[in-house]
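Hello,

Here is the structure I promised to hand over. Please take a look, then read my notes below.

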Amino acid sequence: MVKLDYTLQEVEAKLEKDPENADLWYQKGMALSYNEKKYEEAVQAFTTGLIYNPFHAGLRLQRGRKYTTLDDYRTATAEIMLATRLDPENWDAWYYLGTALYLDGEYAECMKAEKRAMEVMRAHGVEELPCAMSWYWEAAMKLGKKEEADKILELVYEGIPCGNQDYVERLLLQKGLRDPETFLDPANNKDPERPELYYMTTAFGLSDYYTYRGELEKSNELLKKIAAMDCYHEAFVYKQTKQEMKARGLC
């Protein structure tokens, strides 16, 4: 979860004195997005910043991320792709490129982006590999490439470092190291700050678990529970859930 050390009001005060500062427009967009949850206004702020510095990798990445939030995946892909060219050693850019591609149905391209994200993470000692692994696994399974998906699971182990334990648990479940019957027990929730999002993400993983074992009724019930939750509708997992439900004729 992004935590900013500045407020929207502080950034706007600085912009009054320096309105052509692309970095300040970046900060304004971040504040609008993460502090205020005003995603369309955030896009406008990032866009204004690009007027003053069209080659600002951070502005391109964050504008792309907000287009993903707003369900414009093709525009998101174009923006984040440019961010990877401007800053090819930024694992964030490759990771979020993969998520945008996945949500746009471009699963093969998603796999390529997440593979590159993993390479950059390893090169820079970033402990978020399971996040990229999970999206790679999801895309591979969508394409029926089970062998490639299984190869990714071979890299997962108990205690693998990651700031997002929900992704770790999903991978361990798919690897057979978690009991599906107790997987969603509240006592197993590892994110006290965002328990609802943790539940949604792990529940989607369990839904996948049942899907690929032919237990669609159990899978569908979990999708319905996620869709019925009244929070985190901007999250990737909620978007995945709605896509899956639409594909299955559940909504």
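**Tyrosine 67 and its surroundings**

Leaving aside its neighbours within four places in sequence, tyrosine 67 is in contact with Val43, Asp72, Thr75, Ala76 and Glu79. Contact here means heavy atoms within 4.5 Å. Tyrosine 67 sits in helix H4, residues 57–69. Helices (H or I, at least four residues) are DSSP runs, numbered from the N terminus. Tyrosine 67 is buried, at 18% relative accessible area. The cut-offs: buried is under 20% relative accessible area, exposed is over 50%, and partly exposed is in between (1.4 Å probe, protein chains only). Methionine 245 is 178 residues from tyrosine 67 in sequence and 22 Å from it in space, C-alpha to C-alpha.

**How to read the numbers**

This is a predicted model: local features need pLDDT of at least 70, side-chain atom pairs count only at pLDDT 80 or more, and totals for chains, interfaces and linings use all residues. Residues are numbered from 1 along each chain as its sequence is written, and side-chain values use heavy atoms, with hydrogens and water left out.

**Salt bridges**

Side chains of opposite charge can pair when their charged atoms come close. How many salt bridges does the structure hold? There are 20. Each is a side-chain nitrogen of Lys or Arg within 4 Å of a carboxyl oxygen of Asp or Glu.

One of them joins arginine 74 and glutamate 106, at 3.4 Å, N to O. This pair links distant parts of the chain, 32 residues apart. Arginine 74 is in helix H5 (residues 73–86). Glutamate 106 is in the loop between helix H6 (91–103) and helix H7 (107–124). Glutamate 106 is partly exposed, at 33% relative accessible area.

Another joins lysine 218 and glutamate 215, at 3.1 Å, N to O. Lysine 218 is partly exposed at 39% relative accessibility. Glutamate 215 is partly exposed too, at 31%.

**Glutamate 169**

Is glutamate 169 buried or exposed? It is buried, at 5% relative accessibility. Its place is in helix H10, residues 165–174. The side chain of glutamate 169 meets that of arginine 178 in a salt bridge of 2.6 Å, N to O. Arginine 178 is partly exposed, at 21% relative accessibility. Both residues belong to a network of salt bridges that links Glu158, Glu169, Arg178 and Lys190. Leaving aside neighbours within four places in sequence, glutamate 169 is in contact with Arg178, Phe183, Lys190, Tyr198 and Thr202.

**Helices H11 and H12**

The axes of helix H11 (residues 195–211) and helix H12 (residues 216–228) come within 8 Å and cross at roughly 160 degrees. Axes are lines fitted to C-alpha atoms, for helices over the stretch in contact, and angles run from 0 to 180 degrees between N-to-C directions. H11 is therefore roughly antiparallel to H12, a term for angles over 145 degrees. Residues of H11 that meet H12 include Tyr199, Phe204 and Tyr210. On the H12 side, Leu216, Lys218 and Leu222 are among them.

**Cysteines**

A search of the whole structure finds zero disulfides. A disulfide is a pair of cysteine sulfur atoms within 2.5 Å. For cysteine 110, the nearest cysteine sulfur is that of cysteine 131, 13 Å away. Cysteine 110 is buried, at 0% relative accessibility. For cysteine 162, the nearest cysteine sulfur is also that of cysteine 131, 3.8 Å away. Cysteine 162 is buried at 13% relative accessibility.

Best wishes

Note on methods. Helix = DSSP H or I, 4+ residues; strand = E, 2+ residues; numbered from the N terminus. Parallel < 35°, antiparallel > 145°, perpendicular 65-115°, else oblique.
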